[in-house]
Amino acid sequence: MSSPETTAQSFAPAARTVPGFAPLFRSELLLALRRRADIANPLLFFVTVLALLPIGVGPEPELLARLAPGMIWVVALLATLLSQESLFRADFEDGSLEQLALTPQPLYFAVLAKVSVHWLVTGLPLALLSPLLGMMLNLPDDGYLSLFLSLLLGTASLSLIGAVGAALTVALRRAGLLLALIVMPLYVPVLIFGTGAVQAAVDGYAYGPQLAILAALLAAGTALAPLAAAGAIRISLDN
Amino acid sequence: MAWQWFHRLGSPRWFYQKTSVWMPWLALASVLLIGVGSVWGLGFAPEDAKQGNSYRIIYIHVPAAFLALAGYYIMAISGAIGLIWKMKLSFVVMRAAAPIGAVLTFIALFTGAVWGKPTWGTYWVWDARITSMLILLFLYIGVIALARAFSREQVADKACALLALVGTVNIPIIYKSVDWWFTLHQPATIKLTEKSSIDPSMFYPLLIMIIGFYCFYAWTLIAHTREKILQREWRTNWVQQLMQGESITTESKEG
């Protein structure tokens with residue numbers, strides 16, 4: 001566990017001279033890529049839970065096709081949520097989060113960098129994997145593109161929203177369930193429009209409007225969620 | 001000083017003393033209005049042409065649902081005031097509003113389910129409005145759970161205020177989901193917010209009930225806030241004096 005400390009050391013001097021986003025993004029990405037298990041776990045969870053579905057409800061292709069869009073979306077949501085708890089945890093425990101809060105750059109960019117990396121290593125692979133799972137669950141052909149695009153946009157919003165919850169609960173022990181309780185209701189709009197897009201595509205309607213709303217949610221989330229998360233980090237550091 | 005009242009409002013002591021005068025009046029108003037409204041609505045308002053007597057649950061269901069939503073805004077706005085102006089009292093109001101809102105949301109959901117059985121033939125439908133009320137309940141529970149999780153009161157205040165504010169973004173989206181989500185399933189009769197769609201003989205008792213519920217809400221919110229003020233400020237002189245002046249039993253418990 002020497003890696004967080006070394007990042008904190010190598011990052012802290014640089015932070016005073018360069019804008020906060022790029023170097024932090026790079027070091028976070030490097031850290032994430034070195035912890036391969038952390039990337040693989042959400043994906044394995046995603047695949048395993050979806051493999052349980054045909055066992056649970058029965059293997060009839062029509063039934064699975066009917067359930068596929070919603071199930072894939074809900075499981076993607078759970079996978080994002082589970083991976084989110086550790087978003088700030090290690091940095092909080094070794095004090096680098098406090099260092100980040102003390103740098104002259106707005107905390108906003110630091111949060112944005114962390115969330116971007118989180119999405120790159122969880123949301124993006126989930127979206128890339130989704131056509132395969134759609135095929136296994138007998139999703140109609142029309143649904144693939146909308147499933148992929150909606151997950152691509154939607155998981156980014158989920159990462160942003162979840163960051164607020166993760167920041168609020170970072171100072172608490174056993175925060176996992178509390179994080180789920182806090183964040184789940186906030187996930188609802190993304191879920192509505194995500195599944196709505198896939199369902200519309202499967203039914204043969206245009207799904208552009210739902211994707212546009214998902215994109216709008218992502219834009220609003222990018223602007224506001226890191227601000228809220230930065231505020232939450234400062235509150236948590238008080239505790 | 002034109003702003004003096006505003007600064008005074010932030011003082012728990014001033015608030016406690018002022019509201020001592022309001023409390024009996026608010027209690028009287030809510031008892032009278034809810035009494036008149038429920039007797040009129042349950043006993044004298046005409047039967048509904050389609051739903052018979054089962055519609056009468058509207059006199060509890062609709063006011064509770066109104067205040068469940070309004071209560072969220074009250075909680076979020078007082079949280080925002082607390083964050084912005086660092087007002088102690090405003091955080092206390094926010095914390096007091098959370099359980100009241102949760103209970104009202106539960107009442108709205110429960111009466112809705114009871115009403116749903118005779119009219120729709122089922123207790124629960126995944127209709128947009130019902131689901132959004134359930135989410136509202138979870139939002140309230142999230143705030144309450146977060147408040148319990150922190151050991152330091154000041155940190156809990158700020159964290160809850162932030163969560164309540166973030167949740168506000170959700171409310172219009174959830175509310176609008178009636179139009180966006182499962183539109184085919186939406187029953188037309190679930191809420192009678194438009195005055196024109198309901199007969200005056202049924203509407204007046206409903207209006208009285210709504211006003212009565214607002215008074216009751218204000219009364220409960222202020223009562224909870226006063227209680228929390230005493231809990232938080234029990235070390236201060238004025239609370240000690242108040243306790244000695246009012247009753248010795250309470251004082252010995254506090255000391």
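Q: Let's start with Val170(A): where does it lie?
A: Val170(A) is in the loop between α8 (143-169) and α9 of chain A. Helices here are DSSP runs of H or I with at least four residues, strands are runs of E with at least two, and both are numbered from the N terminus. This is a predicted model, where local features need pLDDT of at least 70, side-chain atom pairs count only at pLDDT 80 or more, and totals for chains, interfaces and linings use all residues. Residues are numbered from 1 along each chain as its sequence is written, chains are lettered from A and ligands numbered from 1 in the order in which they are written, and side-chain values use heavy atoms, with hydrogens and water left out.

Q: Is Val170(A) buried or exposed?
A: Buried, because its relative accessible area is 1%. The cut-offs are under 20% for buried, over 50% for exposed and partly exposed in between, with a 1.4 Å probe and protein chains only.

Q: What is Val170(A) in contact with?
A: Leaving aside neighbours within four places in sequence, Val170(A) contacts Phe88(A), Arg89(A), Phe92(A) and Ser236(A). Contact means heavy atoms within 4.5 Å.

Q: And how far is Val170(A) from Ala232(A)?
A: They are 62 residues apart in sequence, and their C-alpha atoms are 9.1 Å apart in space.

Q: What about Gln210(A), where is that?
A: Gln210(A) is in helix α10 (residues 208-238) of chain A. Gln210(A) counts as buried because its relative accessibility is 19%. Not counting residues up to four places away in sequence, Gln210(A) touches Phe193(A), Gly196(A), Ala197(A) and Ala200(A).

Q: Which residues have the most contacts inside the largest nonpolar core?
A: Phe88(A), Tyr72(B), Met75(B) and Leu146(B), in a core of 123 residues. Helix α9 (residues 176-202) of chain A gives the most to this core, with 13 residues. A nonpolar core is a set of buried Ala, Val, Leu, Ile, Met, Phe, Trp, Tyr and Cys residues joined through side-chain atoms within 4.5 Å.

Q: Who does Met75(B) touch?
A: Beyond four places in sequence, Met75(B) touches Met94(B), Ala97(B), Ala98(B), Tyr140(B), Val143(B) and Ala164(B). Another core lies apart from the largest one, with 12 residues, among them Leu26(B) and Val239(B).

Q: Switching topic: how many helices and strands does chain B have?
A: Chain B has 9 helices and 0 strands. Of its 255 residues, 47% are buried. Among contacts in chain B with a separation of 6 or more, 77% are between residues 24 or more positions apart.

Q: What does UniProt say about chain B?
A: An unreviewed UniProt entry gives "transmembrane region" at residues including 128-147 and 202-222 of chain B. UniProt positions are in the numbering used here, feature names are shortened, and annotations may be inferred rather than shown by experiment.

Q: What do those two spans look like in the model?
A: Residues 128-147 of chain B are 100% helix and 0% strand, with end C-alpha atoms 29 Å apart. Residues 202-222 of chain B are also 100% helix and 0% strand, and there the end C-alpha atoms are 31 Å apart.

Q: Which spans does UniProt mark in chain A?
A: The unreviewed entry puts "transmembrane region" at several spans of chain A, including 63-82 and 148-170. In the model, residues 63-82 of chain A are 100% helix and 0% strand, with end C-alpha atoms 28 Å apart.
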